[in-house]
Amino acid sequence: FHFAELPEFCSPAVDEEVPLFSNLDLFLFSLIVGLVIYWFMSPSITLYLRFNYKKQKQFGKNIIVFYGSQTGTGEEFSNRLSKDAQRYGMKGMAADPEEYEMGELARLSEIKNSLAIFCMATYGEGDPTDNAQDFYDWLQENDDEDLSGLNYTVFALGNKTYEHYNAMGKYVDKRLEELGAKRIFDLGLGDDDGNLEEDFVSWREQFWPAVCEHFGVEALGDESSIRQYELKEHTDLNMNKVYTGEIGRLKSFEVQKPPFDSKNPFLAPVTVNRRLNKGGDRHLMHLELDITGSKIRYESGDHVAVFPTNDSTLVNKLGQILGVDLDVVISLNNLDEESNKKHPFPCPTTYRTALTHYLDITHPPRTNVLYELAQYASDPKDQENMRKMASSSPEGKALYQSWVLGASRNILAILEDMPSLRPPVDHLCELLPRLQARYYSIASSSKVHPNSIHICAVVVEYETATGRINKGVATNWLKNKLVTDNGHKSTVPMYIRKSQFRLPFKTTNPVIMIGPGTGIAPFMGFIQERGWLKQQGKEVGETVMFFGCRHKNEDYIYQEELEEAEKNGVLTQLNVAFSRDQEQKVYVQHLMKKNKEDIWKLIHSDNAHIYVCGDAKNMAKDVQTALHEIGEELGGMTRTQATDYIKKLMTKGRYSQDVWS
């Protein structure tokens with residue numbers, strides 16, 4: 001109810017005596033008060049509108065699985081858990097916390113044998129995922145909330161190479177207990193640096209028996225596949241009603257309307273696509289996306305998210321091997337009519353569109369997909385192996401690790417290497433996870449390029465143990481986004497994801513930037529911005545860059561721009577490590593140790609801000625170790641004190657990381 005929507009009335013002549021409130025004002029005021037009272041006093045309305053608990057109660061749903069998901073894995077796990085519930089005579093639903101009023105969480109206790117499961121991923125530097133941000137804020141702000149009737153458990157998704165391993169899952173688990181909720185099974189910790197799938201399967205196999213014991217229920221013993229969606233083929237549908245790759249609204253790629261976000265991306269024309277490296281067998285590239293007229297705003301340090309499509313060769317091969325007409329128009333409709341999720345991806349659409357735009361066909365499939373597809377293998381040995389790989393037996397885990405993960409077999413490779421396995425394409429489409437947006441650190445400053453977003457990336461391509469060539473979905477798709485393709489402008493569906501990776505508010509603060517390889521991306525934006533500030537006559541602190549690559553004559557990317565910035569005094573120090581140009585490998589951390597006096601002075605005396613971007617597994621850790629050693633040597637600290645010193649810089653926002661593994 002928006003006051004802006006009330007009709008406008010002509011104002012009366014100034015000299016007429018007007019009552020303070022007109023009849024219309026009084027009527028509207030009474031109506032609003034009445035609605036407010038009705039809203040708070042009527043539990044069924046509150047439950048139905050604000051949290052769907054009424055719906056949950058009415059249709060016998062007693063398990064709700066909330067997910068905090070950035071790349072789709074948390075959502076995938078929550079769907080698997082809600083589906084599992086049926087095997088134990090319960091009914092589950094997966095739920096996006098962003099779409100619910102989490103303040104009504106306590107009302108779950110009104111439903112018999114109810115349980116809230118939280119599959120929570122951690123994003124960036126210990127942050128909640130975008131869709132769990134409001135829930136996180138609510139947990140932090142509501143100390144007086146009473147959740148004493150709530151049964152819960154948490155499975156956390158994280159990566160050990162990051163500083164704040166599984167921070168979000170651990171926080172939710174601890175905070176729910178503090179607010180009085182009852183933990184019915186231990187927190188599960190999934191590590192994507194190891195084997196996240198294995199961690200999840202092992203936790204889940206112990207979790208369900210604990211649920212059965214807690215609620216006094218038994219497994220139904222039904223291990224058969226449970227379909228969630230039913231196929232409907234459309235023969236006479238108007239093609240204007242068919243999705244052709246749109247993420248949200250139908251025809252949103254034809255008629256673009258701001259604001260642009262993850263559900264409504266902007267189609268940005270590609271204005272530049274050039275190779276950055278002068279030689280070598282890799283392909284490093286620089287792209288520029290035009291955002292003129294989109295009203296999109298960004299800051300240096302933000303991420304651009306792009307929605308790639310799968311390689312048409314892979315899609316066609318899948319169609320051939322399964323013997324299907326990929327251009328049939330279909331819908332997959334949820335068998336649970338009360339579910340909020342009507343389809344696994346936008347429908348109606350064609351199999352070709354689903355396999356090109358909506359489904360992930362390049363990652364090795366998870367064990368639940370193998371388990372569900374096993375029934376379609378005509379060879380009993382294949383069936384047995386697929387079920388074994390989906391089990392938690394040591395032999396099964398080892399087989400999945402070597403045959404699927406170790407060999408990097410995607411779904412096409414599995415079908416090619418298992419000729420007896422020919423599942424119906426609709427069931428395969430139901431089981432495959434959604435193709436996710438990919439995030440890149442923006443390599444430009446909006447102060448210098450307000451209508452352009454720059455991307456710096458390396459094309460992923462490698463040979464697998466089976467001799468196949470696997471190609472990274474997004475980087476190969478971007479590589480082929482030529483400025484004009486058959487006379488048409490190439491476009492990239494994109495939106496901006498805000499980041500905490502920011503230049504210091506005070507321009508006089510020195511900055512130390514450490515970013516080898518494509519980790520230089522955000523620093524190109526930082527350098528542009530510091531240069532622009534200088535041009536505006538602002539006093540700018542020292543700007544120090546540590547960059548690294550393999551060979552000076554091959555992959556020293558942005559060499560001209562960096563050397564120009566140094567010449568103009570925008571970069572006060574440019575340190576470049578060429579790791580393979582001499583016998584002994586030299587990396588950025590070695591150059592830092594060489595410049596330890598300068599670094600220590602900037603950090604300890606001059607209030608410098610440190611930024612690290614690139615590989616989380618080795619580089620980011622080695623950089624931190626180098627700083628610990630500098631603290632010990634020049635700050636007279638013990639290793640523990642030096643570690644605490646760097647941790648404090650992180651807490652104060654003076655040490656920021658934008659890293660990936």
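Modeller: Helix 4 and helix 7 are roughly parallel to each other, because their angle falls in that class (under 35 degrees is roughly parallel, over 145 roughly antiparallel, 65 to 115 roughly perpendicular and the rest oblique). The model is predicted, with pLDDT of at least 70 needed for local features and 80 or more for side-chain atom pairs, while totals for chains, interfaces and linings use all residues. Residues are numbered from 1 along each chain as its sequence is written, and side-chain values use heavy atoms, without hydrogens and water.

Biologist: At what angle do the axes of helix 4 and helix 7 cross?

Modeller: Axes are lines fitted to C-alpha atoms, for helices over the stretch in contact, and angles run from 0 to 180 degrees between N-to-C directions. Here helix 4 (residues 73-84) and helix 7 (residues 196-215) cross at roughly 25°, and their axes come within 12 Å. Helices and strands are DSSP runs, numbered from the N terminus (H or I, at least four residues; E, at least two).

Biologist: Which residues of helix 4 meet helix 7?

Modeller: Contact means heavy atoms within 4.5 Å. Thr 73, Phe 77, Arg 80, Leu 81 and Asp 84 of helix 4 meet residues of helix 7 including Phe 200, Trp 203 and Arg 204.

Biologist: How does helix 21 lie against helix 22?

Modeller: Helix 21 and helix 22 pack at about 120°, with axes 8 Å apart. Helix 21 is therefore oblique to helix 22. Their contact includes Leu 627 and His 628 of helix 21, and Ala 642 and Ile 646 of helix 22.
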